[in-house]
Amino acid sequence: MPRIDLHTHSDESDGTFTPSEVVRRAAELGLDVVALTDHDTTSGLEEASEAAREVGVELVPGVEFSAEHQATSIHVLCYWMDVSNQELQTELQRLRDDRFRRGEMMIEKLQALGFDISFERVREIAGGGNIVRPHVAQAMVEAGIVADEAEAFGRYIADGGPAHVPKHALDPLDSVDLIVRAGGVCVLAHPGMWGAQSSVPDDLIAAMAERGMVGLEVDHTDHTPEQRAIYRAMAERLGLVATGGSDCHGTRYDPIRLGTSLCDPEQFAALRARAGR
């Protein structure tokens, strides 16, 4: 039975592995299919694709869009899109530009709180790639402000924290429209990852499905068994594909997740069919 992981990140966003390392490690772990879904960028897909051909793993090209609903972050996965689509790339660039300024403003807030921390170090950590909150969190750990990245989020940079800065993000329904126009298939990522208070509202999931969303990420590493059962039933009720993925960020956050949550092969076949691939 093929082993399929449809949610991973590289150092082109907030992972710690290069795109080729993600693919090579997937092969070493016996995965047959892996999707690279970096936040708001497709810059790692070419490198990942070349590595996939070399090691015999199927790469599903993807990206994870930043969306927001009523001040709550919502992440929307896109697969098999036309990477050259100008509207798609324009929006991704806008999201990345906003992330850069957002990082600057977070550091300014931390400095105003009396902490000795620099945005230059955040840029170094990002390695010239997309700047995301975990890069700020890592800089905070290095500066001795917090003990670990979890504390950085919990005390300072999570939504509503003293150093938090809102980001530009798409309305979830607009993200579905954009993905469809770019020839991709849309899947809502980890709808229950942040717990009951921040989970994606059921009525929004239904509205996204009606708008053209194809799948719901059911088998996610941070979903409890109870959540998986709830979202699997929801996917069936709404006619959505129940996908799965580890949300691997390399060595960031916890031990390497790659391959720890998988997509059912029959569901993957249904997703591919919906994509027309």
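Which elements make a right-handed β-α-β unit? β6, helix α9 (residues 225–238) and β7 do.

This is a predicted model, where local features need pLDDT of at least 70, side-chain atom pairs count only at pLDDT 80 or more, and totals for chains, interfaces and linings use all residues. Residues are numbered from 1 along each chain as its sequence is written, and side-chain values use heavy atoms, with hydrogens and water left out.

**View 1. Strand β6 (residues 215–220) is mostly covered.** Strands are DSSP runs of E, at least two residues, and helices are runs of H or I, at least four, numbered from the N terminus.

**View 2. β6 pairs with β5 and with β7.** Pairing requires at least two DSSP bridges between two strands. Strand β5 (residues 185–188) and β6 pair in the parallel sense over 2 bridges. Here Leu188 has Leu216 in β6 as its bridge partner. β6 and strand β7 (residues 241–245) are also parallel, over 5 bridges. Gly215 is bridged to Val241 in β7.

**View 3. Helix α3 (residues 86–112) packs with helix α5 (residues 133–142).** Their axes, lines fitted to C-alpha atoms over the stretch in contact, lie 10 Å apart. The angle is about 30°, on a scale from 0 to 180 degrees between N-to-C directions. α3 and α5 are therefore roughly parallel (under 35 degrees). Their crossing is right-handed: the near helix is turned clockwise from the far one by less than a right angle.

**View 4. Residues of α3 meet residues of α5.** Arg102, Gly103, Met106, Ile107 and Leu110 in α3 contribute. Arg133, Val136 and Met140 in α5 face them in contact (heavy atoms within 4.5 Å).

Notes
Buried < 20%, exposed > 50% of the residue type's maximum accessible area, 1.4 Å probe, protein only. Right-handed = clockwise from strand over helix to strand, strands pointing away. Parallel < 35°, antiparallel > 145°, perpendicular 65-115°, else oblique.
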